[in-house]
Amino acid sequence: MTQIEHPGGLARTSTAGAVRGRGALVGIGALLVVLTNAIIFILPPLLPVIQAQYGLATVAETTWLYTVLTLGGGAGFILLPRLADLHGDRNANVAAAVFLTAGALVPAIGDSYPTLLVGCALMGFGGAAQVLPLGFLRRGLGESGIAIAVAVLVIGTGVGIVAGMIGGGLIVQSLSLQSFFVVLTAIGVVTTVASYLLIPHAPPAERNGRIGVVGTVWMIAWVAAVLLTMTQGLVWGNAALIPLVLGVVGGIAWFRVERRSSSAVFDVALMKAPLVTASCICIALFAAVNSAFLLLVSTYAQIIPEALRPIDSYGLGLSALETGWLMLPFALTFVVGGVIADRPVNNGRVVPVFVSGAIISAAGLTWLALAHDQKWHYLVGAAVIGLGCSIGYAAGFTLVQLAVPEEKAGMATGVAGTFLAVGFAFGTALVSADLGASLVPVPGTTLEVAAQGLYGVGYWLSGALALAVVLTVSVSSARTRRRTRRVAA
């Protein structure tokens, strides 16, 4: 008997396969975002353990782990998204996953401070994979790709931050450092294989493009100099002005040269598009708010009041794990913010979205500036700040993607990601400077902690960063209106 194919059978099968393919693509994108953010935020609870295990004499030596992680991330944000445009999404994502795996494997085998520094540099570079889903989801999902990609990035970031902080607490309680890096290596291997199997191998999006080697190395150098100043400024003192000046001068010269280059690292036309530069600055400001808030919370919450003199006493006395759970509302509202921002941004109302995110973030920071000595204060503040930051991130990354054609999605991702890295380092440096302005001793030890009043100052400073978003988009909008009137005249 002859089997008769139903005319719609093939269509139904193809649709089902497409749905499964979309699900797998979104799944690997979410895995990359969550994993890379978790790795970044898993370190804070481990720092005291690292300092004790490797016999580090000063806290400054321990903070170098964050410095090399940040520097590696700065290079990764510049190179990996561009590699995705020129050599394919699968190749770039597999390369990023390999760097993450190698970064975990080196300290797992070496189990020493120098190998940990090398591992952090490699993991920092591979950690730029957190923004790669913006490119391959946009190219792989069609018209809805940008909205889904931004949602995956924003939601995955919130989940990754909390997963990292909670995971760090669990590791402190139940695993050795070497065991942790062995587990992380295994996760990296799985991620590498999943990236190879689930991300489609398509021809490069930009066929005739190439990476300007001189411009790329130059950009990595001046960005690294700025990041180095931000992360080591307190330790180096006035000497930190040297890399700062080199970075600023190098950056200005780089911009002037890139404007005339035939193989520019980033398309100059992108930065001239309406609100794109402002959006990148806003991404940096929201990242600074994000990092400043997390540092203030994790520091205050883990101070043990009984360990200080009665006149200096403050803190919640929480463990690293309990501090991670305190951040859960931050992750929950991060999920909501991306959904809220999607429609108005795609309808061209990006300025009101930025302003809303900034005001909400500032409200949460104002709340914590006034009330931050009870657990429930942080639960409320974390929820409000998480909502505001996610709205801001969603608006910024969406607008930058909308400004470029699909084949340049990686390049746009690299621009936004670089501003993200700089903003994160700036927020960390700002709060570190604030908390180092006045110290009180911990009796019976050689340790010192920040004076209680500095936490309120830190939250006010963070609130000012959030409100700087309003100023940024207002100035950019006014300039755009003046330019439009001149063209019309």
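Helices are DSSP runs (H or I, at least four residues), numbered from the N terminus. By this assignment, helix H10 of the predicted model covers residues 241-258 and contains Val249. Val249 has a relative accessibility of 52%. This residue therefore counts as exposed, the cut-off being over 50%. Val249 also belongs to a nonpolar surface patch.

Arg479 gathers with Arg481, Arg482, Arg483, Arg485 and Arg486. The charge of this patch is positive. Arg479 reaches 48% relative accessibility and so counts as partly exposed.

Asp89 is located in helix H4, residues 89-110. Its relative accessible area is 12%, so Asp89 is buried. The side chain of Asp89 meets the side chain of Arg139 in a polar contact of 2.9 Å.

Thr115 is part of helix H5, which spans residues 113-126. Its relative accessibility is 18%, and Thr115 therefore counts as buried; the limit for this class is under 20%. Here the contact involves the backbone. A polar atom of the Thr115 side chain lies 2.8 Å from the backbone oxygen of Ser112.

Methods
Residues are numbered from 1 along each chain as its sequence is written. This is a predicted model: local features need pLDDT of at least 70, side-chain atom pairs count only at pLDDT 80 or more; totals for chains, interfaces and linings use all residues. Side-chain values use heavy atoms; hydrogens and water are left out. Patches are made of residues with over 30% relative accessible area and no salt bridge: like charges are joined within 9 Å, nonpolar side chains (Val, Leu, Ile, Met, Phe, Trp, Tyr) within 5 Å. Accessible areas come from the Shrake-Rupley method with a 1.4 Å probe; for residues, only the protein chains shown count as cover. A salt bridge is a side-chain nitrogen of Lys or Arg within 4 Å of a carboxyl oxygen of Asp or Glu. Lys and Arg count as positive and Asp and Glu as negative; His and the chain ends are not counted. The place of a charge is taken as NZ of Lys, CZ of Arg, CG of Asp or CD of Glu. Buried means under 20% relative accessible area, exposed over 50%, partly exposed in between (1.4 Å probe, protein chains only). Helices (H or I, at least four residues) and strands (E, at least two) are DSSP runs, numbered from the N terminus. A polar contact is a pair of N or O atoms within 3.5 Å; within protein, one must be able to donate a hydrogen and the other to accept it, and residues adjacent in sequence count only if both atoms are side-chain atoms.
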